[in-house]
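Please read them with the coordinates open.

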Amino acid sequence: MRLKMLRKKLGISQLKLAMDLDMNQNSISRYENGERQADYATLIKLADYFNVSLDYLLERTDNPTFLK
């Protein structure tokens, strides 16, 4: 998942992201390190937050925009 790259691109900490999404910072860390997989609702929250498609977030495409 491209979570860490997207977060760093915005220059925000794991704690800020967690607070913005009403999540736990430890969960963000585990997602970034591949220790845990996000559920569907969380994936949608993350994609919406970074304004990218789910496919981009999950590294299924290199195109961050939504297909029309």
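Is L54 buried, partly exposed or exposed?

1. The model is a predicted one. In it, L54 has a relative accessible area of 36%. Buried would require a value under 20% and exposed a value over 50%, so L54 counts as partly exposed. The residue is part of helix α5. Once neighbours within four places in sequence are set aside, L54 has contacts with L43, I44 and A47. The C-alpha atoms of L54 and S29 are 19 Å apart, for a separation of 25 residues in sequence.

2. Next, the core. The largest nonpolar core has 17 residues, and those that touch the most other members are L3, L17, L46, F50 and L57. At least two core residues come from each of α1 (3–10), α2 (14–20), α3 (25–32), α4 (40–50) and α5 (54–57). Helix α4 contributes the most, with four residues. As general background, nonpolar side chains in soluble globular proteins tend to be buried together.

3. Helix α1 has L3, L6 and R7 as buried residues. These lie on the same side of α1, because the arc they cover around the axis is only 100°. K8 and K9 are exposed, on the face turned away from that buried side. The packing partners of the buried residues of α1 are α2, α3, α4 and α5. Just past the end of α1 comes G11, with a positive phi of about 70°.

4. L3 deserves a separate look. Not counting residues up to four places away in sequence, L3 touches L17, I28, Y31, E32, L46, F50 and L57. Three of these, I28, Y31 and E32, also belong to the α3 side of the contact between α1 and α3, where L3, K4 and R7 make up the α1 side.

5. What is the geometry of the pair α1 and α3? Their axes are 8 Å apart and the packing angle is about 120°. By class, the contact comprises three nonpolar and three charged residues, with no polar ones.

6. In α4 the buried residues are T42, L43, L46, A47 and F50. They line one face of the helix, because they fall within an arc of 135° when seen down its axis. On the other side of α4, Y40 and D48 are exposed. The buried residues of α4 pack against α1, α2, α3 and α5. Two of them, L43 and A47, are among the contacts of L54. N51 follows α4 and has a positive phi, near 55°.

7. E59 is another, with phi near 65°. The location of E59 is the segment after α5, and E59 is partly exposed, at a relative accessible area of 46%.

Note on methods: Residues are numbered from 1 along each chain as its sequence is written. This is a predicted model: local features need pLDDT of at least 70, side-chain atom pairs count only at pLDDT 80 or more; totals for chains, interfaces and linings use all residues. Side-chain values use heavy atoms; hydrogens and water are left out. A nonpolar core is a set of buried Ala, Val, Leu, Ile, Met, Phe, Trp, Tyr and Cys residues joined through side-chain atoms within 4.5 Å. Buried means under 20% relative accessible area, exposed over 50%, partly exposed in between (1.4 Å probe, protein chains only). Contact means heavy atoms within 4.5 Å. The arc is that of the directions from the helix axis to the C-beta atoms. Axes are lines fitted to C-alpha atoms, for helices over the stretch in contact, and angles run from 0 to 180 degrees between N-to-C directions. Ala, Val, Leu, Ile, Met, Phe, Trp, Tyr, Cys and Pro count as nonpolar, Asp, Glu, Lys and Arg as charged, and the others, Gly among them, as polar.
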